[in-house]
Amino acid sequence: MTSSGPASLALHVALPVPLPHGFDYAVPTGAAVDSGWIGCRVRVPLGPRQMIGVVVDVRPVPDTQALRRIEARLDATPILGGELLRSLTWAAQYYQHPLGEVLATALPAWFRRRRQAPRRTPTAFELTTVGRAALAARPPRAGCAAAGLQLALTEGARPRSAVATSPAAIRTLRLWLRQGWIAECEAPVADTVASRGPELNAAQRNAIDHIQSGAGFRTVVLDGVTGSGKTEVYLRLIAAELAAGRQSLVLVPEIGLTPQLLERLESRLGVPVGVLHSGLAAGARAGVWQDAAQGRLRVVLGTRSAVFVPLRDPGLIVIDEEHDSSFKQQDGFRYHARDLALVRAQAMGIPIVLGSATPALETLANVAQGRYGRMRLPERAGGARPPAVQVLDLCGQALPDGLLERTRAALRACLARGEQALVFRNQRGYAPVLLCHDCGWFPACPRCSTRATDARALTWHRVAGRMRCHHCGLGQSAPTNCAQCGSLALAATGFGTQRLEQTLAQAFPEARIVRADADSARGPGGLSALLDPLAEGGPALLVGTQMLAKGHDLPRLTLAVVLGVDAALMAADFRAPERFAQLLVQVSGRVGRSDRAGQVLIQTHQARHPLLRQILDGGYEAFATTELELRRAANLPPFAAQALLRAEARSAEVVGNYLDAAVAAFDADQPADPTRNPVARVGPLPAPQPRRAGYVRGQVLLESPRRADLHARLQLWVPRLHALPSARQVRWSLDVDPIDSI
Ligand code: ADP
Ligand code: ZN
Ligand code: ZN
């Protein structure tokens, strides 16, 4: 071998391993090296193992003789093609996550294990001549599944999802397929879509005209209260894309919201809608993915991970409830589906619509800077009136099991009228804070709290007996009594939905009680199964978490009781006020009907808290304007970019050693003049929840007013993190744009 010979070409393969780089391989003997490999899966040797990876590049190497060979090419044409591969490569860079793991997250699990494509489930069925004759000769017994199918299919082809509605129907379909009575066919495209919806109001028509004006990429926020007709707008936009031969992707935050919306989309659009969520079997998921990639499915509805679906003829992306934190993946590859969808929409040159009654502050900042358009739907389409809201002060009150006597009385009266009430308690997501039951005082950070609305509570580290500010790092010992009134009644507040359910069952033994939270409502149909029976009416109490604030129809609610708001108001996490405002507006939006206004009761120790007053008096918009100003003054997102390094291990010493080494690695790149690259570091600190499931947890926060500066430092730091010897003793992760620091 001569060293002066021309460089030869190798395939660069991304493998699902936690390493910040890919691996070069030589092509199999006799195969050509060309760009046709890019985006195809290959089986390769790695150490003693075999793995499936994706070719991401063709690049020159000094010597292919030294490389191992690709064992097999699994795709003739790219499975991760053009735009999708480019967007994912961007995401790996942006989130500083290994590309191989990013691609493995995007690809349905099926394709990471199997070579063959899944058997496609037919999109639609139609009766054959044989079938028509046979059914005419011997009609099925009225009322059975076969009779229902016959009725549905006599009018013509029907999408699979419209007829395969029960186990009996599915059995009958299989039988008829075997007998040749029905055949698979292309899904019918209805031509009467527009005529089947309500007459649009002026605001809806405006919004649609605006979104459809112009061509190419643009972002439009559709800002309208619950019931203002946002979904109706999505439907018209999707119908227009269908008519133009283009595909639409709709993302929703919660798996429980898919059945309701699926029904509405399919019945209105008249085409099959592909559904993608974590509750699907691997084969079904891969099938939908592939059908979307090949253009057979024109509409895809899904939760967070559906943002990875390939689209052959993309036309539109819709993110419903865009403010929802479920769009952020909280382990592994920690992407934000809304942000990734924006990048994809831009790469595909298509419009993206962000719908919400309570847009995220990030989103509103982008509106203010003119990057996004905004269209409002100011009124409820159905005519329901806004509820009356009352704040009930808990300070010094008797509080057996967390409910005031006035609250009990209101619940009792609601049930007596034969109506339904919601008792709302969001116990997740807030770090423990201390609170005085007699006056509502709480320990706040003297360095970070500049105004009353901005009081940043210190997090209570119970075991250590310390208070800590997770914004600036300040630490002090936990107080034993209230600094304002001297009371000894300091406690961490709150208890969860399960205990609340018990309390209510004791207080209202006759009442029907439904609890809806992540434990009781599992899977795609879980929430519907719990809530649909309530639509029939009759007195009932509904107990639940934020899951209930997410757009499921609850037409019979006339009272909502909101508990556990103190931790949110006290704002240990700077995003807590935003989340609280969104929840309060969303919960209030579910109460009340056209014939009578509803009632909302809020129990709190912070009855005069400026934040609460502002949301109640000025609404979400006024809140958002003020809150954005506070964030700007405090240099917090969206006016600063953050990244959070988390680490956990069985022993505090191991975590401490690792984080010390990580910080040393960070400081090694510190520019001589730090004002030239102002990336601030907070930590190492214990995490707000310093122990979880037997692990000790710590973190380091990076913050910079300019995203480019932060990313420039991450670019240097992350390879060093991967190389740290102590990294092997801890579980660590880097979270770019973290949405909580719990
Ligand atoms: P959102 O998605 O904002 O909650 P929806 O689109 O679901 O609102 O509309 C709420 C209800 O009002 C639905 O029952 C819908 O059919 C109805 N609706 C929407 N737009 C109109 C309209 N222009 N005229 C009459 N009813 C409408
Ligand atoms: Zn006090
Ligand atoms: Zn502080």
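Colleague: Which strand is the place of S733?
Modeller: This is a predicted model. S733 is buried, with a relative accessible area of 15%. Its place is in strand 30, residues 731–736.

Colleague: With which residue does the side chain of S733 make a polar contact?
Modeller: Leaving aside neighbours within four places in sequence, S733 is in contact with R334, L644, L645 and R646. The polar contact runs from side chain to side chain at 3.3 Å, and the partner of S733 is R334.

Colleague: Is D737 buried or exposed?
Modeller: D737 is found in the segment after strand 30. Phi of D737 is near 55°, a positive value in a residue other than glycine. The relative accessibility of D737 is 18%. The cut-off is under 20%, so D737 counts as buried.

Colleague: Where is Q96, another residue with phi near 55°?
Modeller: Q96 has a positive phi although it is not a glycine. At 14% relative accessibility, Q96 counts as buried. Its place is in the loop between helix 1 (82–94) and helix 2 (99–106).

Colleague: How many Å apart are H722 and P20, C-alpha to C-alpha?
Modeller: H722 lies in helix 21, residues 707–723, and is partly exposed at 23% relative accessible area. Beyond its neighbours within four places in sequence, H722 is in contact with P18, P20, P98 and W732. H722 and P20 are 702 residues apart in sequence, yet their C-alpha atoms are separated in space by 7.3 Å.

Colleague: What share of contacts between residues at least 6 apart in sequence join residues at least 24 apart?
Modeller: The protein has 21 helices and 30 strands. Of its 742 residues, 53% are buried. Among the contacts in question, the share that join residues at least 24 apart is 75%.

Colleague: Why is strand 1 largely enclosed by the rest of the structure?
Modeller: Strand 1 covers residues 8–14. It pairs in the antiparallel sense with strand 4 (residues 49–61) over 7 bridges, and 3 bridges join it to strand 2 (residues 23–25), also antiparallel. Strand 1 is largely enclosed because its buried residues number 5 of the 7.

Colleague: Which residue is the bridge partner of L11 in strand 4?
Modeller: Strand 1 and strand 4 run antiparallel where they pair. On the side of strand 2, the bridge partner of H12 is D24. In strand 4, the partner of L11 is V58.

Colleague: What arrangement do the 4 donor atoms around the zinc ion (ligand 2) have?
Modeller: The zinc ion is coordinated at 2.3 Å by the SG atoms of C436, C439, C482 and C485. The donor atoms subtend angles of 101 to 115°. For tetrahedral donors all angles must lie between 85 and 135 degrees, so the arrangement is tetrahedral.

Colleague: How many residues apart in sequence are the parts that C436 and C482 tie together?
Modeller: The donor residues of the zinc ion (ligand 2) are spaced C-x2-C-x42-C-x2-C. C436 lies in strand 18 (residues 434–436) and C482 in the loop between strand 21 (475–477) and strand 22 (490–492), so the pair ties together parts whose separation in residues is 46.

Colleague: Are C436 and C482 buried or exposed?
Modeller: The relative accessible area is 0% for C436 and 4% for C482. The cut-off is under 20%, so C436 is buried and C482 is likewise buried.

Colleague: Which residues come nearest to ligand 1?
Modeller: Polar backbone atoms lie by oxygen atoms of ligand 1 in G229 at 2.9 Å, in K230 at 2.8 Å and in E232 at 3.0 Å. Of the 15 residues around ligand 1, the nearest are E199, Q204, G227, T231 and R264.

Colleague: Which residue does a cis peptide bond join to P637?
Modeller: Omega of this bond is about 5°. The second residue is found in the loop between helix 19 (610–633) and strand 27 (641–649). The residue joined to P637 is P638.

Technical notes: Residues numbered from 1 in each chain as written. Chains lettered and ligands numbered in written order. Predicted model: local features only at pLDDT ≥ 70, side-chain atom pairs only at ≥ 80, totals over all residues. Heavy atoms only, no water. Buried < 20%, exposed > 50% of the residue type's maximum accessible area, 1.4 Å probe, protein only. Helix = DSSP H or I, 4+ residues; strand = E, 2+ residues; numbered from the N terminus. Pairing = 2+ DSSP bridges. Donors = N, O, S within 2.8 Å, 3.2 Å for Na, K, Ca; no water. Tetrahedral: all angles 85-135°; square planar, octahedral: opposite > 155°, others 65-115°. Contact = heavy atoms within 4.5 Å. Near = heavy atom within 4 Å. Polar contact = N/O pair within 3.5 Å; in protein donor to acceptor, adjacent residues only side chain to side chain.
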